[in-house]
Amino acid sequence: MPIVAQSTETTDWVSRFADEVIEESERRAPGKPVVVASGLSPSGPIHLGNLREVMTPHLVADEIRRRGHTVRHLLSWDDYDRYRKVPVGIPGIDDSWAEHIGKPLTSVPAPKGSEHPNWAEHFKAVMVEALAELGVEYDGISQTEQYTSGVYRDQVLFAMKHRGDIDAILDQYRTKKGPAKKQQGQKPVDEAELEAAEGSGAAAEDDGSSAAGYYPYKPYCGQCEKDLTTVTSYDDETTELAYTCSACGFSETVRLGEFNRGKLVWKVDWPMRWAYEGVIFEPSGVDHSSPGSSFQVGGQIVGIFGGKQPIGPMYAFVGISGMAKMSSSKGGVPTPADALQIMEPQLLRWLYARRRPNQSFKIAFDQEIQRLYDEWDKLAGKVADGSVLPADAAAYARAVGTAAGELPRTPRPMPYRTLASVADITAGAEDQTLRILSELDPENPLASLDEARPRLDKAETWINTQVPAEERTVVRDEPDVDLLKSLDDQGRESLRLLLDGLEQNWSLDGLTHLVYGVPKVQAGFPADATAKELPSEIKVAQRTFFALLYHLLVGRDTGPRLPTLLLAVGQDRVRKLLGA
């Protein structure tokens with residue numbers, strides 16, 4: 001039974017857009033499916049900023065489905081875009097790929113060792129798998145197939161016939177000096193701010209102007225396959241089109257009514273699709289909000305094709321918090337697949353669902369992921385006990401499932417930070433991992449590691465790929481005899497109190513109570529005294545005690561949470577290392 005997002009009496013952004021889209025769809029196309037759209041260019045790794053291009057309409061479409069409406073989420077794979085540059089850091093390619101610049105992405109060889117037939121399919125496949133794990137339902141459209149099969153032939157001929165009208169609209173913006181255009185995928189990826197770049201073929205390209213006139217169609221060369229071509233003439237009656245190629249010198253005259261090796265320039269292509277598909281809702285990146293942007297210009301050009309501009313919210317940056325360089329093997333750009341290696345799909349969906357599209361947010365690859373998981377588990381607890389706010393409940397429902405049902409979940413979701421600590425200490429040894437996790441709650445022990453999966457596997461992957469070797473936890477083999485001998489009476493007493501209470505308190509809650517209680521007892525307070533009842537000096541004493549334990553157990557000032565560390569090390573070894 002699917003969890004239903006509480007759309008009534010909520011103020012969440014998804015419900016508001018769903019209201020607006022349903023109303024607009026009934027006005028434009030009554031009785032027909034609601035159409036929302038996304039566009040992705042598989043020109044390289046499709047990163048977490050691009051994912052917002054898909055998640056925003058997905059969440060809106062899913063809310064519309066929950067309300068009983070038929071909806072189509074179109075995902076255009078802009079695989080007929082030109083190959084613009086050789087990306088840096090992609091395994092399996094070298095400088096020789098520069099010879100393919102200007103060809104369609106589907107005509108560029110895949111990186112060496114790939115099982116896919118071309119460049120576009122190589123990078124598309126990873127995203128397809130990630131979207132399936134995220135529960136995103138969509139109708140995929142290959143723009144290579146659309147153009148080369150002649151699906152858009154009538155639209156292309158129409159655009160060429162009305163090129164004067166299109167040129168007049170574009171000319172309104174050619175004289176305006178807007179911000180310099182950024183080429184998609186060419187902005188360096190910053191760990192603090194990963195741009196939610198334009199989702200489709202919106203990278204800078206010529207708009208069809210040339211000395212021979214304005215033509216909104218760009219042929220791919222019949223000899224070298226590149227788009228370094230210039231249309232030199234076109235006859236509306238016969239559809240004869242002549243072009244030359246500056247890359248290889250080839251020229252030919254073709255009948256555009258029978259020619260399928262080319263595409264409309266981007267600022268015409270996008271609004272043409274809006275009209276052709278009847279798109280009601282499609283978001284766009286921040287570049288589209290600038291003067292003369294594709295979305296702004298397209299809003300006028302779409303009328304030429306007899307369509308209307310979609311409802312199109314601008315979506316903001318998606319930041320990345322601390323992705324380890326050791327894991328940046330795909331060009332240094334964190335992808336949805338990278339994120340799903342270290343977090344469950346529910347958490348990743350929640351990060352996109354809880355923030356309005358125009359709000360930026362960060363996806364954590366560093367220690368912050370533990371805090372995010374704590375926040376997520378706290379929200380789950382509020383949902384369970386009924387204390388959650390309506391908008392938070394709606395975001396939670398959209399994260400854990402779709403109109404089709406709930407996503408697969410971890411049967412027994414233990415705290416992520418605990419699982420990470422255990423994975424760190426045990427180095428993945430399953431017998432030790434099961435022993436430790438079973439001792440967290442002796443009254444309800446874990447029977448199998450499968451109960452803690454896939455969250456356990458995500459935490460283990462995070463430890464192995466995102467935590468540098470120098471920060472990993474290595475338990476001492478032998479006691480630090482010199483440190484033990486140097487302890488004063490108070491230090492020795494603190495260790496005695498801990499050791500005396502180990503057996504009785506051997507659980508996660510018990511050890512938490514014990515390690516925090518030792519300094520309280522030494523200062524003459526009850527072990528269960530609250531912070532309000534204690535002087536500030538107790539916190540200092542606790543930090544000193546914790547540092548001592550870390551030095552004796554792992555040889556440094558800090559480490560995993562002490563209760564988890566003690567359970568992981570085991571009673572016998574703890575007693576040995578603490579000088580018992």
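A: Begin with strand S2 (residues 71-77), which is joined to S3 by 4 bridges, the two running parallel. Two strands pair if DSSP finds at least two bridges between them. Strands (E, at least two residues) and helices (H or I, at least four) are DSSP runs, numbered from the N terminus. The model is predicted: local features need pLDDT of at least 70, side-chain atom pairs count only at pLDDT 80 or more, and totals for chains, interfaces and linings use all residues. Residues are numbered from 1 along each chain as its sequence is written, and side-chain values use heavy atoms, with hydrogens and water left out.

Q: Which residue in S3 stands opposite Leu75?

A: Gly140 is opposite Leu75.

Q: In what order do the 3 strands of the open sheet come?

A: The order is S1-S2-S3, with parallel pairing. Strand S1 (34-40) and strand S3 (139-142) are the edge strands, each pairing on one side only. From one strand to the next, the twist averages 25°.

Q: How is a pair of packed helices described?

A: Two packed helices are described by the angle between their axes and the distance between the axes. Axes are lines fitted to C-alpha atoms, for helices over the stretch in contact, and angles run from 0 to 180 degrees between N-to-C directions. Here the axes of helix H13 (residues 416-426) and helix H15 (residues 455-466) come within 8 Å and cross at roughly 60°. H13 and H15 are therefore oblique to each other; angles under 35 degrees count as roughly parallel, over 145 as roughly antiparallel, 65 to 115 as roughly perpendicular and the rest as oblique.

Q: Which residues of H13 and H15 make the contact?

A: Contact means heavy atoms within 4.5 Å. H13 contributes Tyr416, Leu419, Ala420, Ala423 and Asp424, and H15 contributes Arg455, Leu456, Lys458, Ala459, Glu460, Trp462 and Ile463.
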